[in-house]
Amino acid sequence: MHLTSLPWLDPVDDAALAKSLERDVIRSEFVEKLYCMQAKFPGVATTHDYYQSLALLIRDRVLYRWVKSASAFLGRASRTVAYLSAEYLLGPQLGHNILALGCEDNVRAALTDLGIDLDVLLEHEGEPALGNGGLGRLAACFMDSLATLDLPAIGYGIRYEFGIFEQTIKDGAQAERTDLWLRHGWPWAVARPEITLPVGFGGYTAHEPIPGGGFRVRWHPARVVLGTPHDVPAAGYGTQTTNFFRLWQALAPESFDFHAFNVGDYLRAVHEKIVSENITKVLYPNDESLQGKRLRLEQQYFFVSCSLQDMIRLYSQKLPTLDQFADKFAVQLNDTHPSLAVAELMRLLVDEHGYAWDRAWAITTAALSYTNHTLMPEALETWPLDLFAQTLPRHLEIIYEINRRFLEDVRQRFPGDLARLRRMSIIDEDNGRRVRMAHLATVGSHAVNGVAAIHSRLLTETVLADFAQLWPERFTNVTNGVTPRRFVVLANPTLSALVTEAIGDGWPRQLERLRELEPFADDPAFRSRWREIKSKNKRRLAEHLAPLGIALDPDRLLDVQVKRIHEYKRQHLNLLHAVTLYQRIRDGVTPRAARTILIGGKAAPGYWAAKLIIRLAHAVAHTIAADPVASRWLSVVFVPNFNVKMGEHIYPAAELSEQISTAGMEASGTGNMKLALNGALTIGTLDGANVEIREAVGPEHFFLFGLTAEEVAREKLRQHRHPREEIVARDPELSRAIALIADGHFAPSDPALFAPMVSTLLHHDPYFVLADYRAYLDQQAAVERAWLDQDAWTRSSILNVARSGHFSSDRSIGEYAERIWHVERVIL
């Protein structure tokens with residue numbers, strides 16, 4: 001008898017799974033997990049032991065669904081989305097998986113029987129810091145939606161041992177601490193040590209003749225690293241479908257040199273282990289040094305190679321050749337980090353599997369598609385040619401050949417246009433000879449998309465304009481979205497309950513149904529309940545921040561800007577507003593409404609200008625708090641170590657959403673969507689998805705200010721003829737605010753601390769902070785007036801939520817599935 005025919009291996013026993021979610025079964029198995037997995041009993045068990053026991057119990061039930069899904073996908077040979085992303089900000093998993101299973105009431109009751117509070121365990125859970133910001137969170141939202149929409153998918157990435165740093169604040173400055181997210185283990189991952197895939201680096205290539213004429217290329221790497229996966233289930237909501245993340249860890253083929261150890265050379269004994277495992281040690285190693293650049297390039301190639309080899313391994317379980325590889329896998333490149341997939345898939349097909357170039361290229365381009373996430377030239381990755389040649393010699397040969405063939409096509413379409421050839425070449429000949437990864441991804445993909453309507457338009461008009469002219473059919477837009485399951489249902493349960501009471505259940509899977517809330521905006525009783533929920537969420541946030549030493553008055557307008565710290569996101573414009581309000585209060589002009597300005601986000605360790613913004617935020621906060629008059633009306637707080645978990649506390653409490661990036665520089669943004677879906681009104685520029693949010697909610701419910709992207713482009717051309725000092729001189733309040741910062745008012749012990757920031761603003765101002773200052777302040781005054789009419793503000797808040805259903809990641813994934821991936825639902 002074959003094992004596969006045994007009934008106890010059948011993963012589809014839905015009745016047994018339903019039984020496992022009953023209160024008594026959960027209670028009994030929780031105790032069993034505590035005894036048999038944690039080896040603890042209640043007298044000595046810690047909160048962490050209880051968390052681990054519950055996490056393992058929930059994981060078991062999710063794994064049943066995963067096995068059922070994987071079995072169905074394999075049996076039906078379903079086309080699968082392979083989502084390649086260097087980042088995944090997964091967030092805490094316990095509450096997310098309980099929600100997916102639909103068993104919160106029974107879990108809560110079972111734990112209460114045992115004297116345990118579920119909320120304590122949820123709050124105890126940390127989160128894997130496998131991403132830096134919106135890119136990683138978007139990838140996690142997309143994986144949630146793929147499962148919820150019953151679309152087969154694997155999220156390929158890296159299992160960083162340390163991930164992004166933990167941000168602490170010391171004397172008002174950011175300090176980075178190692179994020180030891182694995183120090184107590186992580187119960188959600190399933191290690192796959194039986195799978196190891198070789199990844200080469202360096203060495204040389206040899207061109208070897210083959211019988212019948214021609215030659216083949218063989219790459220002889222100087223060293224080989226092994227990749228082994230750790231799988232994390234990604235459960236859908238309201239469905240049995242469960243996909244998974246496959247996160248790669250680097251290992252040395254030989255982790256210990258016994259001979260070296262025996263002769264006393266203890267460092268050499270573990271040298272290979274250290275060098276190999278460095279590849280997956282930390283998210284985004286600092287690439288200011290040559291060693292850092294090499295490690296980052298190795299990191300990107302490592303995860304791309306492992307992922308493509310794994311796809312081929314899975315494919316080969318059913319089919320003998322790779323002819324239908326593109327029919328089986330839709331491979332999505334999430335930004336330029338996985339762009340090496342173009343060259344690596346060609347290498348695997350041509351060198352390892354013997355495909356002719358043209359056939360391999362047809363498979364590659366049919367399989368791959370590319371999402372661009374930035375219009376900023378400095379963020380479009382390039383690699384020095386010499387570093388690339390040393391690290392990946394075979395891939396450089398392949399890129400040269402791709403480029404030769406591609407430029408020949410361009411030559412035929414645009415004869416004699418040498419400038420166009422230089423602009424479009426994958427090899428940049430003008431800036432020290434570099435490989436342009438965005439160009440490689442664009443040439444090697446059948447579809448290229450931006451992530452907001454304005455971003456996609458600007459993409460085809462600026463950084464990829466030549467490619468859009470060559471292949472207009474290849475370009476499309478898919479506006480980003482966020483998962484309402486995590487950012488509304490989980491984060492804001494009281495608001496979710498009110499919405500369900502008003503329009504019925506089902507809306508977390510069909511977010512456009514929020515439109516049904518519109519009539520309730522004119523119901524005084526409903527507005528009162530809505531306002532009460534917002535007030536309770538603000539008080540809940542205040543309680544959460546109190547242990548951090550942060551005082552938050554829940555009766556004030558809560559004005560929120562939480563995102564990565566960057567000059568183009570313009571947290572310093574927000575702070576100039578705070579400084580101006582402070583000046584007015586000192587002059588005896590008090591605001592009509594008290595306000596708390598809450599800022600949170602991390603600055604890249606080597607980005608000194610962003611770190612200086614954090615210093616200014618703390619300096620302004622400290623000065624205002626010390627002023628007995630100003631502090632009655634205004635406070636500035638900086639929330640350290642902002643992450644998904646902290647966001648789940650902040651988004652439901654926020655009343656004003658600061659989306660104030662320079663127009664044309666934010667690809668989309670997703671924080672704007674999370675805040676809007678929780679009832680915050682937006683003050684923002686016509687940048688990224690702000691444009692579509694304003695169109696959706698109505699301009700009367702959006703506080704618009706600032707230059708447009710077109711005006712920014714024109715101002716850049718004339719900026720040298722109009723010094724920034726002129727703008728300052730014409731605006732007395734701006735002049736005073738700049739002077740206070742420049743003269744050391746906020747840093748009396750180091751008066752020159754903010755001089756570099758002031759100098760940049762006065763002499764360059766590349767992000768048009770000064771140009772947008774007055775318009776920003778005018779709209780902030782409009783915010784104050786609107787907030788004073790709480791009934792009208794609440795009505796706008798309800799309509800913001802009702803009209804934001806478009807910004808679900810389910811809608812985004814539906815568009816990818818239909819227009820780019822051509823994948824179909826698999827109903828279990």
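Predicted model: local features only at pLDDT ≥ 70, side-chain atom pairs only at ≥ 80, totals over all residues.
**Helix α4 and two further helices**

Just after helix α4, Gly102 adopts a positive phi of about 70 degrees. Helix α4 spans residues 94-101, and eight of its eight residues are buried, so it is largely enclosed by the rest of the structure. The buried residues are Leu94, Gly95, His96, Asn97, Ile98, Leu99, Ala100 and Leu101. They pack against the helices α3, α5 (104-113), α6 (118-124), α7 (134-148) and α21 (484-490), and against strand β9 (223-235).

Helix α3, one of those partners of α4, also packs with another helix. Helix α2 (residues 23-36) and helix α3 (residues 47-76) meet at an angle of about 120 degrees, and their axes lie 9 Å apart. That angle makes α2 oblique to α3. The crossing of the two helices is right-handed. On the α2 side, Val25, Ile26, Glu29, Phe30, Lys33 and Leu34 make the contact, while α3 contributes Asp49, Tyr50, Ser53, Leu54, Leu56, Leu57, Asp60 and Arg61. By class, this contact of α2 with α3 comprises eight nonpolar, one polar and five charged residues.

Helix α29 (residues 709-718) is considered next; its Ala709, Val712 and Glu715 are buried. These three residues cover an arc of only 115 degrees around the axis, which puts them on the same side of α29. An α-helix has 3.6 residues a turn, so residues three or four places apart point the same way. The buried residues of α29 pack against α19 (453-461) and α30 (724-730).

Conventions: Residues numbered from 1 in each chain as written. Heavy atoms only, no water. Axes fitted to C-alpha atoms, helices over the stretch in contact; angles between N-to-C directions. Helix = DSSP H or I, 4+ residues; strand = E, 2+ residues; numbered from the N terminus. Parallel < 35°, antiparallel > 145°, perpendicular 65-115°, else oblique. Left-handed = near helix turned anticlockwise from the far one by under 90°. Contact = heavy atoms within 4.5 Å. Nonpolar A, V, L, I, M, F, W, Y, C, P; charged D, E, K, R; others polar. Buried < 20%, exposed > 50% of the residue type's maximum accessible area, 1.4 Å probe, protein only. Arc of directions from axis to C-beta.
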